[in-house]
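Please look over this structure with me before we discuss it.

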Amino acid sequence: MIISQISKKTYFFLLLLVVLVIYSAVGVDYSSLETFSLAMGKEVLQGLAHPDWHYLYDGSGEDLISLLLLTLGIAFLGTFIATILALPLTLISASNLWQNHPWIAKIGKFICNVLRAFPELVYAIIFVKVVGPGPFAGVMAIGVHQIGMLGKLFTEEAEGMNEALVEDATAIGANFWQIIFSVRVPYLLPIYSSLSLNHFEIAVRSAATLGLVGAGGIGAPLIFAIQTRSWDRVSIILLGVVVTVFSLDLFTGWIRRKLR
């Protein structure tokens, strides 16, 4: 009987999946495929297979290495600002710190949800209009978005920590701030550091696309290369981004292992 019920549920979800796939496929506009040709595809593949190594570094400040360093700088500064500002927001959002005033924690969590509701690209468009195009807009976009993301994660870790340590400190007469700096901070600091490093990796990927809207980074030359069909330039940019992200993943992974 149970096997029969499971089978019926399985068939139902499979049928639902098939219907959704068919509905999605039918709703796609395939008219743009008329402009595609084998010669065009061959041109793209040939360009991608022969990266423009002259763009790697030329000392102009607009080469690949310079722009990748700029992208890393945008991501690092945005994540650093977000980490610093997410800490006081966590103090407001953690419900176990405001058991007598639960509405305070609700306000903090609402702020986190509002800040992380919009992607960095939306914030980048807003800040480009406010402060003008450039890296500063990218830093602000990543920073504001990450405040909400890190604030939520920091709050969850703060609410899930071992309260027995807090009870021991309270038993010997420690006050609120003594418990914060002597118990909660030493317990949560390695976790928070690991979360910030993880979001730094995410921010690098985001910063690589913010240049599409004028917020600095490697995104602007990438979109220009695609628009002009400079596939060799596209290839070296993509290769640079892949190597940067891979190297950063190894480096931050090593740091996270040291923090355990």
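This is a predicted model: local features need pLDDT of at least 70, side-chain atom pairs count only at pLDDT 80 or more; totals for chains, interfaces and linings use all residues.

The points below cover the record, a helix pair, the pockets and the cavity.

1. Now the record. The UniProt entry, which is unreviewed, lists residues 64-89, 176-195, 207-228 and 234-255 under "transmembrane region". Two of these spans can be checked against the model here. Residues 64-89 are 100% helix and 0% strand. The end C-alpha atoms of residues 64-89 are 37 Å apart. Residues 234-255 are also 100% helix and 0% strand, with 32 Å between the end C-alpha atoms.

2. In the unreviewed UniProt entry, "domain: ABC transmembrane type-1" covers residues 68-252. In the model, residues 68-252 are 82% helix and 0% strand. The end C-alpha atoms of this span lie 17 Å apart.

3. How do α8 and α10 run relative to each other, roughly parallel or roughly antiparallel? Their axes come within 10 Å and cross at roughly 175°. An angle over 145 degrees counts as roughly antiparallel, so α8 is roughly antiparallel to α10.

4. Look at the residues where these two helices touch. From α8 come P190, S193, S194, L197, N198, F200, E201, V204 and R205. From α10 come V245, L248, D249, T252, I255, R256 and L259. By class, this contact has 8 nonpolar, 4 polar and 4 charged residues.

5. Turn to the open spaces. The largest pocket has a volume of about 640 Å³. Its lining has 28 residues. Which of them lie nearest the centre? They are T83, L87, F154, L189 and Y192.

6. Ask where that lining comes from. Four helices each supply at least two residues: α3 (64-93), α6 (135-159), α8 (176-210) and α10 (231-259). The helix that gives the most is α8, with 12 residues. By class, the lining of the largest pocket has 20 nonpolar, 7 polar and 1 charged residues.

7. The second largest pocket has a volume of about 170 Å³. Its lining is made of N96, L97, Q99, E163, V166, T170, F176, I179, I180 and R184. Here α7 (163-171) and α8 each supply at least two residues. The largest share, 4 residues, comes from α8. The classes are 5 nonpolar, 3 polar and 2 charged.

8. Rolling a probe the size of a water molecule over the atoms shows where empty space is left. How many cavities of 30 Å³ or more does a search of the whole structure find? The search finds 1. The largest cavity has a volume of about 50 Å³.

9. The lining residues are L68, T71, V204, R205, A208, I218, V241, T244 and V245. At least two residues come from each of α3, α8 and α10. The lining of the largest cavity divides into 6 nonpolar, 2 polar and 1 charged residues.

How values were computed
Residues are numbered from 1 along each chain as its sequence is written. Side-chain values use heavy atoms; hydrogens and water are left out. On a 1 Å grid over the protein atoms alone, a cavity is a set of points where a 1.4 Å probe fits but cannot get out, and a pocket is an open set with protein on both sides within 12 Å along at least five of seven lines; lining residues have an atom within 4 Å of a point. Grid points are joined across faces, edges and corners, and a volume is the space filled by probe spheres set on the points. Ala, Val, Leu, Ile, Met, Phe, Trp, Tyr, Cys and Pro count as nonpolar, Asp, Glu, Lys and Arg as charged, and the others, Gly among them, as polar. UniProt positions are given in the numbering used here, feature names are shortened, and annotations may be inferred rather than shown by experiment. Axes are lines fitted to C-alpha atoms, for helices over the stretch in contact, and angles run from 0 to 180 degrees between N-to-C directions. Angles under 35 degrees count as roughly parallel, over 145 as roughly antiparallel, 65 to 115 as roughly perpendicular and the rest as oblique. Contact means heavy atoms within 4.5 Å.
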